[in-house]
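The following paragraphs lead through a helix pair and then a sheet. Please consult the sequence and the coordinates alongside the text.

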Amino acid sequence: MSANYLNKVNTGWELSTRLHDQKDYNNSASRMYYAVFQAVLFYAIRKEKFNRETALKDKKNVHILMKRVVKEKMKDFKNAFDAYEDLRVLRNQADYDPEDVRQSDLNSGFINSVETIKNFFLKEATK
Amino acid sequence: MKANEYIAMAEASLGKAFPDYVVRLFPDPDDDATFFAYVFCVPDGSEQEAKHAVRAKIRRELSDSEWDVIPSIKNLSVTQEHYPEYLRRSFLGKSVSNSVVLEAATASCNVMENDFQFTGEDLDLMIEDHCCCNMPTHRESHEGQFDIAA
């Protein structure tokens, strides 16, 4: 099951990169968010015994649980949590708002920050 | 505190701190513990500065609750194109001034002379027609915003 999560993260990230190259910034942002989200989920399942059924039973929202994992685990990484919040905003904009995500929103500095989050959790999960 | 009370409190707090912007909280459609603070009318080119300032304010004063608030900046161009109901009056073509009200009242009197009866509501509509003014309306959710089923 864990290997599947790892594949999903990598496939999602590659797809996001391809969509970015094709200038489809809405779908790129959406895929990017879920690639990072699944990397955090992968870590939480492996290292923090996160269980989806228990979370559902306790009525705990998975997105906010993953956000708390990012906040707690990446507190030593300057601006990582800000980048995760910004990615949530872009994903919301891409999926629900009338205006498009722009190239400047997904600039290389921002993508590097987001990739750092993804790689951090993949590395921690597979330690 | 109930969610609607928290929204009112947060909007008032952010509105007071950033009087040049229009701030509204909308729930994240995929996470009922998170609100996006939509910050409208931010001058083009000042988005990053505004985001950092709003985020700092949120973390300083609004983080001690069961809800999370994330700033979502909408610059003036985006506000004008996609969210005109959140434009400040000063950005609209004609603001409500005494002369606009007088103009509407005079127009109303002229019509009344022709034996038509008008209510206060009619006069309000005339004033609105004359000043092209849109008051911001509160939108409970993205679903409500776009009239789509949740």
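In chain A, helix H5 (residues 80–96) packs with helix H6 (residues 108–125) at an angle of about 105°, their axes lying 9 Å apart. H5(A) is therefore roughly perpendicular to H6(A), a term for angles of 65 to 115 degrees. Axes are lines fitted to C-alpha atoms, for helices over the stretch in contact, and angles run from 0 to 180 degrees between N-to-C directions. Helices (H or I, at least four residues) and strands (E, at least two) are DSSP runs numbered from the N terminus.

This is a predicted model, in which local features need pLDDT of at least 70, side-chain atom pairs count only at pLDDT 80 or more, and totals for chains, interfaces and linings use all residues. Residues are numbered from 1 along each chain as its sequence is written, while chains are lettered from A and ligands numbered from 1 in the order in which they are written.

On the H5(A) side, A:Ala80, A:Ala83, A:Tyr84, A:Asp86 and A:Leu87 meet A:Phe110, A:Ser113, A:Val114, A:Thr116 and A:Ile117 of H6(A); contact requires C-beta atoms, placed from the backbone, within 7 Å.

Chain B holds an open sheet of 3 strands in the order S1-S2-S3, with mixed pairing; two strands pair if DSSP finds at least two bridges between them. Strands S1 (22–28) and S3 (68–75) of chain B are at the edges, each with a single partner strand, so one side of each lacks a neighbour in the sheet. From one strand to the next, the twist averages 25°. S1(B) and S2(B) (residues 31–42) run antiparallel and are joined by 7 bridges.

How values were computed:
Angles under 35 degrees count as roughly parallel, over 145 as roughly antiparallel, 65 to 115 as roughly perpendicular and the rest as oblique. Two residues are in contact if their C-beta atoms, placed from the backbone, lie within 7 Å.
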